[in-house]
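Hi,

Here is the structure I said I would pass on.

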Amino acid sequence: MMTPTSTQATPRVTELAVSTAITSDMIHFDSDGEGKRPILEMSDTVWRLGAVAEGTILEHTFSVTNAGDAPLVLADVSASCGCTIARDWPKSPLAPGASASIRVSYDSRGRSGEIDSEIAVVANTYPSTTTMKLVGRVLGPNDTQVILNK
């Protein structure tokens with residue numbers, strides 16, 4: 001049996017942190033443009049809210065499809081302001097031909113005037129960012145326009 005002496009090194013333990021987060025720096029393409037790649041296709045990119053009363057919270061679902069021939073990864077979905085929130089989107093790759101949803105909410109509490117918000121979808125596509133928009137008008141207590149319920 002060997003006993004350690006002062007000349008023998010003590011083994012070091014190294015901790016390794018592993019992250020499953022997908023970031024935009026992971027998105028790469030061949031420079032020659034050849035090869036398989038995902039294509040992000042959306043049924044619409046504009047949510048027209050119309051006129052809404054201040055204090056209303058609305059939800060909308062954007063449909064996305066991978067029209068390419070390689071897995072589609074949505075690395076991030078983020079809004080341009082705090083009133084708009086991307087609530088749910090696929091966190092795992094979409095196979096070619098697969099579809100999914102991006103659920104978005106808009107909170108008009110404490111707001112009035114024009115709505116012009118953007119949602120950026122960062123994916124492993126070219127271009128890497130697709131922008132969705134929310135447009136409409138929030139009517140506050142001093143607005144004279146009438147909202148008709150359908």
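Predicted model: local features only at pLDDT ≥ 70, side-chain atom pairs only at ≥ 80, totals over all residues.

**What I found**

Going from the N terminus, the elements of the chain read β-β-β-β-β-β-β-β.

Four of the strands make an open sheet in the order S1-S3-S6-S5, and the pairing is antiparallel. Its edges are strand S1 (40-42) and strand S5 (84-88), each of which pairs on one side only. On average, neighbouring strands here are turned by 35° against each other, if you ignore direction.

Inside that order, S3 (residues 57-66) and S6 (residues 99-107) run antiparallel to each other and are joined over nine bridges.

**The core**

The largest nonpolar core has 25 residues, and the ones touching the most other members are Phe62, Leu74, Ile102 and Tyr106. Which elements give two or more residues to this core? They are S1, strand S2 (46-53), S3, strand S4 (74-79), S6, strand S7 (113-123) and strand S8 (129-139).

Setting aside neighbours within four places in sequence, Tyr106 is in contact with residues including Trp47, Leu49, Ile57, Leu58, Ile115, Leu134 and Val138. Its contacts also include Thr56, Thr84 and Arg111, as well as Cys83, and that cysteine brings me to the next item.

**The disulfide**

The count comes to one disulfide. Cys81 and Cys83 form it, with their sulfur atoms 2.5 Å apart. The torsion about the S-S bond of Cys81 and Cys83 is about -50°, so this disulfide is left-handed.

Are the two cysteines buried or exposed? Cys81 has 29% relative accessibility and therefore counts as partly exposed. Cys83 is at 8%, so it counts as buried.

**Whole-chain numbers**

Of the 150 residues in the chain, 31% are buried. The chain exposes about 10,100 Å², with carbon and sulfur atoms supplying 51% of that area. For contacts between residues at least 6 apart in sequence, 66% join residues at least 24 apart.

Cheers

Key: Residues numbered from 1 in each chain as written. Heavy atoms only, no water. Pairing = 2+ DSSP bridges. Axes fitted to C-alpha atoms, helices over the stretch in contact; angles between N-to-C directions. Disulfide = S-S within 2.5 Å. Buried < 20%, exposed > 50% of the residue type's maximum accessible area, 1.4 Å probe, protein only. Contact = heavy atoms within 4.5 Å. Areas by Shrake-Rupley, 256 points an atom, 1.4 Å probe, with all protein chains shown as cover. Core = buried A, V, L, I, M, F, W, Y, C linked by side-chain atoms within 4.5 Å.
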